[in-house]
Number of protein chains: 2
Amino acid sequence: MKLSVRGEYALRALQVLAQHAGDAVVPMQTIATEQNIPRRFLEQILHGLKAAGVVESRRGITGGYRLARPASEIPLATIIRHVDGALAPLSCVSHQFYEKCSCPDEARCALRSVMKEVRDTVAAMMERMTLADLVARAEALQARPMEPVDFVI
Amino acid sequence: MKLSVRGEYALRALQVLAQHAGDAVVPMQTIATEQNIPRRFLEQILHGLKAAGVVESRRGITGGYRLARPASEIPLATIIRHVDGALAPLSCVSHQFYEKCSCPDEARCALRSVMKEVRDTVAAMMERMTLADLVARAEALQARPMEPVDFVI
DNA sequence: TCAAATCTTGATGAACCAAGTCGGGAATCT
DNA sequence: AGATTCCCGACTTGGTTCATCAAGATTTGA
């Protein structure tokens, strides 16, 4: 898994939405300013997340975006897959974005076997971690910024 | 970490060299044929790996490539870093390819904290796994191709 | 009703990179 | 000498990434 700038922006933007969970909606400009994301680019990203069913929007002067579900029900894996595609290091070990690779026999491919373990590990981590966890971690880091966090994940 | 085709070819080629550890050198054409890699492209890749000190070469009619060190002393992490760059999903959590990201305070960035754990996990896996392990796994898969391998990694 | 702020939609563009090709050179063995 | 190999750098081709822009639709408050 490699996050593009787009993917990073998406996660940051959604973290903001998760933090403002009380508000009806958060206008895009607020997110762009808060996270220093180019507004026009963010527009494109949020639109994609809406099409993916991750966020909802409201138009007009009171418009903005909000999460379509509780933050605790949105794993990071879902977001990354929508924005950047496969979590797997090799598409031949991806579940959702599988593509056949060049090796003649996948079942006996040693490289594939190794990369499958990497995929499973990473996928498990990103599947377990939700936007709510991200917010919780942000708060923990705010409280004691000097010590490394030692969440058990 | 996302492997490019180039990175995949590099690992496959080095696996071949590790398997032919007895031979003086293995000609590029043999590797290209055995792994179905475009010869001209492989040329480029092996040349890079030589510059990185991973392989040695010999010219002339008896020429070819061989590993510069025992396969058990070459972790996959080394190869991937040379060919495809950072193992980290975000360059701001990479040790060897660190780049500052757009967030104002790295120490308090929740996303960074999460991605650092991913990086550490993946890096540990790829640092531990060597070319010798890859060969061993290939042999195990050859022997009992139907059952999933249950190496403890 | 009108203005202002917001999201919507589609087009466009520059820069970069990945994958692969090509040509000619230099070394080495028989 | 000649065959076979690696060496080296330039080049092409096509796609992706990171945006930017313009014009329209919707909503609210004055």
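What percentage of the 153 residues in chain A is buried? Buried residues make up 39% of chain A, a residue being buried if 20 or more other C-beta atoms, placed from the backbone, lie within 10 Å of its own.

This is a predicted model, in which local features need pLDDT of at least 70, side-chain atom pairs count only at pLDDT 80 or more, and totals for chains, interfaces and linings use all residues. Residues are numbered from 1 along each chain as its sequence is written, while chains are lettered from A and ligands numbered from 1 in the order in which they are written.

Chain A has six helices and two strands, in the sequence order α-α-α-β-β-α-α-α. Helices (H or I, at least four residues) and strands (E, at least two) are DSSP runs, numbered from the N terminus. Along the principal axes, the C-alpha atoms of chain A fill a box of roughly 60 × 40 × 25 Å.

Chain B can be laid on chain A with an RMSD of 0.1 Å by a turn of 180° and a shift of 0.0 Å along the axis, by least squares on the C-alpha atoms of residues with pLDDT of at least 70 in both. The two copies are thus related as by a two-fold rotation axis.

DNA strand D is surrounded by 24 residues, near meaning that the C-beta atom, placed from the backbone, lies within 6 Å of the strand. The elements below each supply at least two residues of this surface.

| Chain | Elements (residues) |
|---|---|
| A | α1 (5-19), α3 (39-51) |
| B | α2 (28-35), α3 (39-51), β2 (64-67) |

Terms used
A residue is buried if 20 or more other C-beta atoms lie within 10 Å of its own, exposed if 12 or fewer, and partly exposed in between; C-beta atoms are placed from the backbone.
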